[in-house]
Amino acid sequence: MPTEVPCNTCTECCKTNQGLFLHPEQGDDVESYAHRVLTDQATGTPVFLLAANPDGHCVYLGLSGCTIYDRRPILCRTFDCRKHYLILPRQDRDNLVRLGLSSRAVFNAARARLKTLSPEERQDCKEKREEFFS
Ligand code: SF4
Ligand code: SF4
(Lines give C-alpha, C1' and ligand atoms only; values in the text may rest on other atoms or scores of the structure.)
(Ligands and ions follow the chains in the order given, each with its own letter.)
Protein backbone atom coordinates (compact mmCIF):
# COMPACT_ATOMS: atom_id res chain seq x y z
CA MET A 1 0.00 0.00 0.00
CA PRO A 2 1.69 3.25 -1.09
CA THR A 3 1.99 6.02 1.46
CA GLU A 4 -0.09 9.10 0.73
CA VAL A 5 1.91 12.20 0.00
CA PRO A 6 1.52 14.48 3.03
CA CYS A 7 0.85 17.55 0.92
CA ASN A 8 -0.81 19.47 3.78
CA THR A 9 -1.13 23.00 2.38
CA CYS A 10 1.40 22.57 -0.43
CA THR A 11 0.00 23.20 -3.93
CA GLU A 12 3.24 23.47 -5.89
CA CYS A 13 2.16 20.80 -8.39
CA CYS A 14 -0.75 23.00 -9.37
CA LYS A 15 1.56 25.83 -10.42
CA THR A 16 3.61 24.13 -13.10
CA ASN A 17 1.71 25.28 -16.19
CA GLN A 18 3.47 23.15 -18.85
CA GLY A 19 3.41 20.15 -16.52
CA LEU A 20 -0.38 19.93 -16.04
CA PHE A 21 -1.01 17.08 -18.47
CA LEU A 22 -4.35 15.41 -19.08
CA HIS A 23 -4.33 11.70 -19.94
CA PRO A 24 -7.45 10.62 -21.88
CA GLU A 25 -5.85 7.19 -22.40
CA GLN A 26 -6.02 6.79 -18.60
CA GLY A 27 -9.59 7.97 -18.27
CA ASP A 28 -9.43 11.76 -18.16
CA ASP A 29 -12.49 13.27 -19.84
CA VAL A 30 -10.60 16.06 -21.58
CA GLU A 31 -13.70 17.97 -22.61
CA SER A 32 -14.86 18.25 -19.01
CA TYR A 33 -11.81 20.41 -18.17
CA ALA A 34 -10.73 23.83 -19.33
CA HIS A 35 -7.71 22.84 -21.36
CA ARG A 36 -5.45 23.65 -24.28
CA VAL A 37 -4.06 21.45 -26.98
CA LEU A 38 -0.46 21.37 -28.13
CA THR A 39 1.16 19.15 -30.71
CA ASP A 40 3.90 16.73 -29.78
CA GLN A 41 6.68 17.84 -32.12
CA ALA A 42 8.19 14.36 -32.26
CA THR A 43 5.03 12.40 -33.09
CA GLY A 44 2.58 15.01 -34.39
CA THR A 45 -0.04 13.80 -31.92
CA PRO A 46 -2.09 16.15 -29.72
CA VAL A 47 -1.09 16.75 -26.11
CA PHE A 48 -3.66 18.04 -23.63
CA LEU A 49 -2.87 20.41 -20.77
CA LEU A 50 -5.09 21.83 -18.06
CA ALA A 51 -5.67 25.51 -18.70
CA ALA A 52 -3.48 27.79 -16.64
CA ASN A 53 -3.70 31.43 -15.62
CA PRO A 54 -1.02 33.86 -16.84
CA ASP A 55 0.93 33.20 -13.63
CA GLY A 56 1.16 29.50 -14.54
CA HIS A 57 -1.27 28.33 -11.87
CA CYS A 58 -3.97 25.84 -12.81
CA VAL A 59 -7.30 27.58 -13.41
CA TYR A 60 -8.85 25.27 -10.80
CA LEU A 61 -6.48 26.27 -8.01
CA GLY A 62 -8.40 28.28 -5.44
CA LEU A 63 -7.37 29.97 -2.23
CA SER A 64 -8.01 26.78 -0.27
CA GLY A 65 -6.61 24.35 -2.83
CA CYS A 66 -8.17 22.44 -5.69
CA THR A 67 -11.72 23.55 -6.49
CA ILE A 68 -12.49 20.35 -8.42
CA TYR A 69 -10.87 17.95 -5.98
CA ASP A 70 -13.44 15.16 -6.42
CA ARG A 71 -12.98 15.09 -10.18
CA ARG A 72 -9.34 16.15 -10.49
CA PRO A 73 -7.43 14.51 -13.36
CA ILE A 74 -5.47 11.28 -13.02
CA LEU A 75 -2.11 13.03 -12.79
CA CYS A 76 -3.30 15.10 -9.83
CA ARG A 77 -4.56 11.93 -8.14
CA THR A 78 -1.45 9.87 -8.59
CA PHE A 79 1.58 12.16 -8.71
CA ASP A 80 4.03 11.58 -5.87
CA CYS A 81 6.70 14.27 -5.83
CA ARG A 82 8.87 12.21 -3.46
CA LYS A 83 9.16 9.29 -5.86
CA HIS A 84 9.56 11.62 -8.81
CA TYR A 85 12.49 13.20 -7.00
CA LEU A 86 14.14 9.93 -6.04
CA ILE A 87 13.77 8.24 -9.42
CA LEU A 88 15.09 11.11 -11.54
CA PRO A 89 18.80 11.87 -11.71
CA ARG A 90 19.68 15.44 -10.85
CA GLN A 91 20.39 16.41 -14.45
CA ASP A 92 16.92 15.27 -15.51
CA ARG A 93 15.32 17.21 -12.66
CA ASP A 94 17.21 20.31 -13.80
CA ASN A 95 16.06 19.76 -17.38
CA LEU A 96 12.41 19.49 -16.34
CA VAL A 97 12.71 22.78 -14.45
CA ARG A 98 14.41 24.42 -17.43
CA LEU A 99 11.66 23.25 -19.79
CA GLY A 100 8.92 24.43 -17.42
CA LEU A 101 7.63 20.87 -16.98
CA SER A 102 8.28 21.00 -13.25
CA SER A 103 9.56 23.55 -10.79
CA ARG A 104 12.28 23.85 -8.21
CA ALA A 105 9.53 24.33 -5.61
CA VAL A 106 8.07 20.90 -6.43
CA PHE A 107 11.45 19.25 -5.94
CA ASN A 108 12.03 21.18 -2.72
CA ALA A 109 8.63 20.04 -1.45
CA ALA A 110 9.59 16.49 -2.35
CA ARG A 111 12.92 16.66 -0.56
CA ALA A 112 11.26 17.95 2.58
CA ARG A 113 8.98 14.87 2.57
CA LEU A 114 11.40 12.09 1.65
CA LYS A 115 11.42 10.73 5.20
CA THR A 116 7.71 10.01 4.94
CA LEU A 117 8.35 7.25 2.40
CA SER A 118 8.73 3.75 3.75
CA PRO A 119 12.12 1.98 3.36
CA GLU A 120 10.49 -0.34 0.82
CA GLU A 121 9.26 2.57 -1.27
CA ARG A 122 12.66 4.21 -1.19
CA GLN A 123 14.27 0.98 -2.29
CA ASP A 124 11.74 0.63 -5.09
CA CYS A 125 12.58 4.13 -6.32
CA LYS A 126 16.28 3.33 -6.20
CA GLU A 127 15.77 0.22 -8.30
CA LYS A 128 13.67 2.12 -10.84
CA ARG A 129 16.32 4.78 -11.10
CA GLU A 130 19.00 2.17 -11.75
CA GLU A 131 16.77 0.40 -14.25
CA PHE A 132 15.86 3.51 -16.23
CA PHE A 133 18.96 5.66 -15.96
CA SER A 134 22.09 3.52 -15.63
S1 SF4 B 1 4.79 19.14 -4.65
FE2 SF4 B 1 4.47 17.25 -3.48
S3 SF4 B 1 3.71 17.95 -1.50
FE4 SF4 B 1 3.44 19.63 -2.96
S5 SF4 B 1 1.34 19.37 -3.78
FE6 SF4 B 1 2.75 18.30 -5.15
S7 SF4 B 1 2.75 16.15 -4.43
FE8 SF4 B 1 1.94 17.44 -2.77
S1 SF4 C 1 -6.97 20.20 -11.09
FE2 SF4 C 1 -6.73 20.68 -8.95
S3 SF4 C 1 -5.11 19.30 -8.17
FE4 SF4 C 1 -5.00 19.35 -10.43
S5 SF4 C 1 -3.48 20.94 -10.93
FE6 SF4 C 1 -5.52 21.90 -10.95
S7 SF4 C 1 -5.80 22.72 -8.87
FE8 SF4 C 1 -4.13 21.23 -8.80
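Reply: Two strands count as paired if DSSP finds at least two bridges between them. Strands themselves are DSSP runs of E with at least two residues, just as helices are runs of H or I with at least four, and both are numbered from the N terminus. The model is a predicted one, in which local features need pLDDT of at least 70 and side-chain atom pairs count only at pLDDT 80 or more, while totals for chains, interfaces and linings use all residues. Residues are numbered from 1 along each chain as its sequence is written, chains are lettered from A and ligands numbered from 1 in the order in which they are written, and side-chain values use heavy atoms, with hydrogens and water left out.

The sheet is open and has three strands in the order S1-S3-S2, paired antiparallel. Strand S1 (21-22) and strand S2 (35-39) are at the edges with a single partner strand each, so one side of each has no neighbour in the sheet. Between S2 and strand S3 (residues 46-50), which run antiparallel, there are five bridges. One pairing can be traced by residue: Arg 36 has Leu 49 in S3 as its bridge partner.

Now the part before the sheet. Asn 8 lies in the segment before S1, and its phi is positive, about 55 degrees, although Asn 8 is not a glycine. Asn 17 also lies in the segment before S1; not a glycine either, Asn 17 has a positive phi of about 40 degrees.

For accessibility, buried means under 20% relative accessible area, exposed over 50%, and partly exposed in between, with a 1.4 Å probe and protein chains only. Asn 8, with a relative accessible area of 70%, is exposed. Asn 17, at 23%, is partly exposed.
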